[in-house]
Amino acid sequence: MVYSEPELIIPALKVISEHPNGVSTSVLIKRLIKDLEPTGRDAEIISGRNDTYFSQKVRNLKSHNTLTSK
């Protein structure tokens with residue numbers, strides 16, 4: 001399945017709530033990949049990068065403070 005950034009907010013917040021002392025982006029990405037099993041474009045490596053479209057969406061949630069505002 002391919003996810004939009006907004007669709008990742010609730011699953012990400014659930015993972016974050018399980019880590020009251022904070023969770024790193026890499027741990028959050030690994031957990032969401034395990035839980036949501038992204039496929040298609042989300043599973044593809046971005047050209048010139050070392051991450052997938054899915055992991056970039058998760059990074060964007062954190063870097064744009066989307067999760068903090070929720």
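**Helix packing**

Modeller: H1 and H3 are roughly perpendicular to each other (65 to 115 degrees; under 35 is roughly parallel, over 145 roughly antiparallel, the rest oblique). Two packed helices are described by the angle between their axes and the distance between the axes. Here H1 covers residues 5-17 and H3 covers residues 53-63; the angle is about 70° and the axes are 10 Å apart. Axes are lines fitted to C-alpha atoms, for helices over the stretch in contact, with angles from 0 to 180 degrees between N-to-C directions. Helices are DSSP runs of H or I with at least four residues, numbered from the N terminus.

This is a predicted model: local features need pLDDT of at least 70, side-chain atom pairs need 80 or more, and totals for chains, interfaces and linings use all residues. Residues are numbered from 1 along each chain as its sequence is written, and side-chain values use heavy atoms, without hydrogens or water. The mean pLDDT (the predictor's confidence in each residue, 0 to 100) of the protein chain is 92, and 91% of its residues reach 70 or more. Where pLDDT is low, the predicted coordinates should not be read in detail.

Now the residues. From H1, Glu 5, Leu 8, Ile 9 and Ala 12 meet Phe 54, Lys 57, Val 58, Asn 60 and Leu 61 of H3 (contact: heavy atoms within 4.5 Å). This contact of H1 with H3 has 6 nonpolar, 1 polar and 2 charged residues. The classes: Ala, Val, Leu, Ile, Met, Phe, Trp, Tyr, Cys and Pro are nonpolar, Asp, Glu, Lys and Arg charged, the others, Gly among them, polar.

Take Lys 57, in helix H3. Lys 57 counts as buried, at 17% relative accessibility (buried is under 20% relative accessible area, exposed over 50%, partly exposed in between; 1.4 Å probe, protein chains only). Beyond four places in sequence, Lys 57 touches Val 2, Tyr 3, Ser 4, Glu 5, Leu 8 and Asp 42.

Asp 42 lies in the loop between H2 and H3. Asp 42 is buried too, at 2% relative accessibility. The side chains of Asp 42 and Lys 57 make a polar contact at 2.6 Å (N or O atoms within 3.5 Å, one able to donate a hydrogen, the other to accept it; sequence-adjacent residues count only if both atoms are side-chain atoms).

Pro 38 lies in that loop between H2 and H3. Pro 38 and Phe 54 are 16 residues apart in sequence, yet 7.0 Å apart, C-alpha to C-alpha.

Definitions and conventions. Helix = DSSP H or I, 4+ residues; strand = E, 2+ residues; numbered from the N terminus.
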